[in-house]
Amino acid sequence: MNNKVRSLADSVFKCLFSFLDKQFPFFSPLNIPRQLFAFLFRLLPFKHFWRKKDMTVGAFEEDICTPIKVSPPPDVGGDSATDGEELFVPPLNFAMVDDGVFRSGFPDSANFSFLRSLGLRSIIYLCPEPYPETNNEFLKVNGIRLFQFNIERCKEPFVNIPEETIREALNVVLDVNNHPLLIHCRRGKHRTGCLVGCLRKMQRWYLSSIFDEYQRFAGAKARVSDQRFIERFDVSSSKR
């Protein structure tokens, strides 16, 4: 504000001195300092006006600086969002294969609520290792039947996919009395992929589509031997 006043006073004084020089030449030698005019310019009415302005600005600044009382947010404890609710977490690589048929990796206790929501009647387990006690207890409580088919892990070039075991597992899958049904191995990639791939052949899928599905779940660890097994699998002798 003071800078604006001084600038305004300077402009007024320039005009005033110019006028006095022309109309009253004798006035110029007095050489009255501009600071004196600035002082006179801010006397009583102007001084009162600016003081009032300063008071207004001061009051405004005081309002700005007044702390605002903010009410604390409502208490939402970390566990309140899940109190009384179950979390539905699907197992690794979970997907729907067909109506009443699902696939996944090995489910653990975090997935039990999700599996319960599927209303499963059966689980096909494609690994030779014993089923964990916790999982067995879950099956018992929910009346789910376990079908275990011992297919060893096989890595190229030592391929050992038992065709007869795959056929037995397919018979379980094709029996609608076992639905809803979940197929799983360890990661839901190779053994599960082979069984689902053979099921697709029985459903008359094109090989390119079967391999696309297999590779989508196997990712970078897709095996040529698995795809070769699916391609050579004879569906004519399997039950429908």
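Asp-226 is placed in helix 9 of this predicted model, where helices (H or I, at least four residues) and strands (E, at least two) are DSSP runs numbered from the N terminus. Asp-226 is buried yet has no salt bridge, and the nearest side chain of opposite charge, Arg-223, is 4.4 Å away. Buried means under 20% relative accessible area, exposed over 50%, and partly exposed in between (1.4 Å probe, protein chains only). A salt bridge is a side-chain nitrogen of Lys or Arg within 4 Å of a carboxyl oxygen of Asp or Glu. Lys and Arg count as positive and Asp and Glu as negative, while His and the chain ends are not counted.

As this is a predicted model, local features need pLDDT of at least 70 and side-chain atom pairs count only at pLDDT 80 or more, whereas totals for chains, interfaces and linings use all residues. Residues are numbered from 1 along each chain as its sequence is written, and side-chain values use heavy atoms, with hydrogens and water left out.

- Leaving aside residues up to four places away in sequence, Asp-226 touches Ile-161, His-190, Cys-194 and Tyr-214; contact means heavy atoms within 4.5 Å.
- Helix 9 spans residues 224–232, and its buried residues are Ser-225, Asp-226, Gln-227, Phe-229 and Ile-230.
- The cover over these buried residues of helix 9 includes helix 6 (163–174), helix 7 and helix 8 (207–218).

**Salt bridges**

- The structure holds two salt bridges.
- One of the two salt bridges joins Glu-163 to Arg-167, with the closest N and O atoms 2.6 Å apart.
- Both Glu-163 and Arg-167 belong to helix 6, where they are four residues apart, about one turn of the helix.
- An α-helix has 3.6 residues a turn, so residues three or four places apart point the same way.
- Glu-163 is partly exposed at a relative accessible area of 34%, whereas Arg-167 counts as buried at 11% relative accessibility.
- Glu-213 forms a salt bridge with Arg-200, and their closest N and O atoms are 2.8 Å apart.
- Glu-213 lies in helix 8 and Arg-200 in helix 7, so this pair ties together parts that are 13 residues apart in sequence.
- Glu-213 and Arg-200 are both buried.

- A patch of positive charge on the surface gathers Arg-153, Arg-186, Arg-187 and Lys-221.
- Patches are made of residues with over 30% relative accessible area and no salt bridge, with like charges joined within 9 Å and nonpolar side chains (Val, Leu, Ile, Met, Phe, Trp, Tyr) within 5 Å.
- The place of a charge is taken as NZ of Lys, CZ of Arg, CG of Asp or CD of Glu.
- Arg-187 belongs to the loop between strand 5 (181–184) and helix 7 (190–202), and Arg-187 is exposed, with a relative accessible area of 52%.
- Lys-189 is also placed in the loop between strand 5 and helix 7, but Lys-189 is partly exposed, at a relative accessible area of 21%.
- Apart from residues up to four places away in sequence, Lys-189 touches Asn-93, Arg-103, Tyr-214, Phe-217, Ala-218 and Lys-221.
- The C-alpha atoms of Lys-189 and Ala-222 are separated by 8.1 Å, although these residues are 33 residues apart along the chain.

**Backbone features in loops**

- The peptide bond from His-179 to Pro-180 is cis, with omega near -5 degrees, and Pro-180 is placed in the loop between helix 6 and strand 5.
- Asn-93 is not a glycine, yet has a positive phi of about 60 degrees.
- Asn-93 lies in the loop between helix 3 (44–65) and strand 1 (95–98) and counts as partly exposed at 21% relative accessibility.
- Arg-204, in the loop between helix 7 and helix 8, likewise has a positive phi, near 65 degrees.
- Arg-204 is exposed, with a relative accessible area of 59%.

**The chain as a whole**

- The protein chain has nine helices and five strands, which follow the pattern α-α-α-β-β-α-β-α-β-α-β-α-α-α along the sequence.
- Of its 240 residues, 35% count as buried.
- Among contacts between residues at least 6 apart in sequence, 64% join residues at least 24 apart.
- The accessible surface of the protein chain comes to about 16000 Å², of which 56% belongs to carbon and sulfur atoms; accessible areas come from the Shrake-Rupley method with a 1.4 Å probe, and for residues, only the protein chains shown count as cover.
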